[in-house]
Amino acid sequence: MQPLSVNQYLRQHIRTVPDWPAPGVQFRDITPLLQDPKVFRVLIDAFVHRYMDKALRPDVVAGLDARGFILGAVVAYELNVGFVPIRKKGKLPFTTVEETYELEYGSATVELHTDAVKPGDRVLLIDDLIATGGTMMAGRRLLEKLGATVIEGAAIVDLPELGGSQRLRESCLPLYTLVDFEGH
């Protein structure tokens, strides 16, 4: 029996929930990746080993609300760099910058503290999943408003059929994802 790659191993631990949150949607649930300590370590190590490389090493990790907080904080800790949260509007207590983006049915706004990053900071932007790419693009724009450079966007799961990863790459944002799932 041939050993599984990291990507195959992680894929086995992502639960698909049919028809949630709406009929026809195949929800990719990452919580099983977090529940098993061995699987969680493999997941975090996959990111940490990549970003330990000097060329890709960030000054700061930014995590997108909310599952990007889980990944981002642990990756930042392991890399010995700072972590900043990009939150949904109205959740941060200090002065913020905000960015509104379009969703399939409406819009959403995310915010970042004005002192979260410094001009010239190299930032890794991380989330659990890339669907339409709107959240990651909004996070990137926030960080760039403050003068930071987003060196790469990272996620566990890419849903390529929704076009987000292609839009992000076309905007010249390098992406690193661990598992692709066809379909919604």
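Angles between axes under 35 degrees count as roughly parallel, those over 145 as roughly antiparallel, those from 65 to 115 as roughly perpendicular, and the rest as oblique. The structure described here is a predicted model, in which local features need pLDDT of at least 70 and side-chain atom pairs count only at pLDDT 80 or more, while totals for chains, interfaces and linings use all residues. Residues are numbered from 1 along each chain as its sequence is written, and side-chain values use heavy atoms, with hydrogens and water left out.

**Packing of α3 and α4**

Helix α3 (residues 37-51) and helix α4 (residues 67-79) have axes that come within 10 Å and cross at roughly 55°; helices (H or I, at least four residues) and strands (E, at least two) are DSSP runs numbered from the N terminus, and axes are lines fitted to C-alpha atoms, for helices over the stretch in contact, with angles from 0 to 180 degrees between N-to-C directions. The two helices, α3 and α4, are therefore oblique to each other. On the α3 side the contact (heavy atoms within 4.5 Å) is made by F40, L43, I44, F47, V48 and Y51, and on the α4 side by I70, L71, V74, V75, E78 and L79. By class, the contact of α3 with α4 has eleven nonpolar residues, no polar ones and one charged; Ala, Val, Leu, Ile, Met, Phe, Trp, Tyr, Cys and Pro count as nonpolar, Asp, Glu, Lys and Arg as charged, and the others, Gly among them, as polar.

**The largest pocket**

A pocket is an open set of points on a 1 Å grid over the protein atoms alone, where a 1.4 Å probe fits, with protein on both sides within 12 Å along at least five of seven lines; its lining residues have an atom within 4 Å of a point. The lining of the largest pocket comprises 31 residues, of which F27, R67, L129, A131 and T132 lie nearest the centre. At least two lining residues come from each of β2 (26-29), β5 (96-103), β7 (122-130) and α5 (134-145), and β7 supplies the largest share, four residues. The lining divides into 16 nonpolar, seven polar and eight charged residues.

**Backbone features**

Most residues other than glycine have a negative phi, and most peptide bonds are trans. The exceptions in the table concern two loops: D19 and P21 are found between β1 and β2, whereas A66 lies between β3 (60-64) and α4.

| Site | Feature | Angle |
|---|---|---|
| W20 and P21 | cis peptide bond | omega about 5° |
| D65 and A66 | cis peptide bond | omega about 0° |
| D19 | positive phi, not a glycine | phi about 60° |
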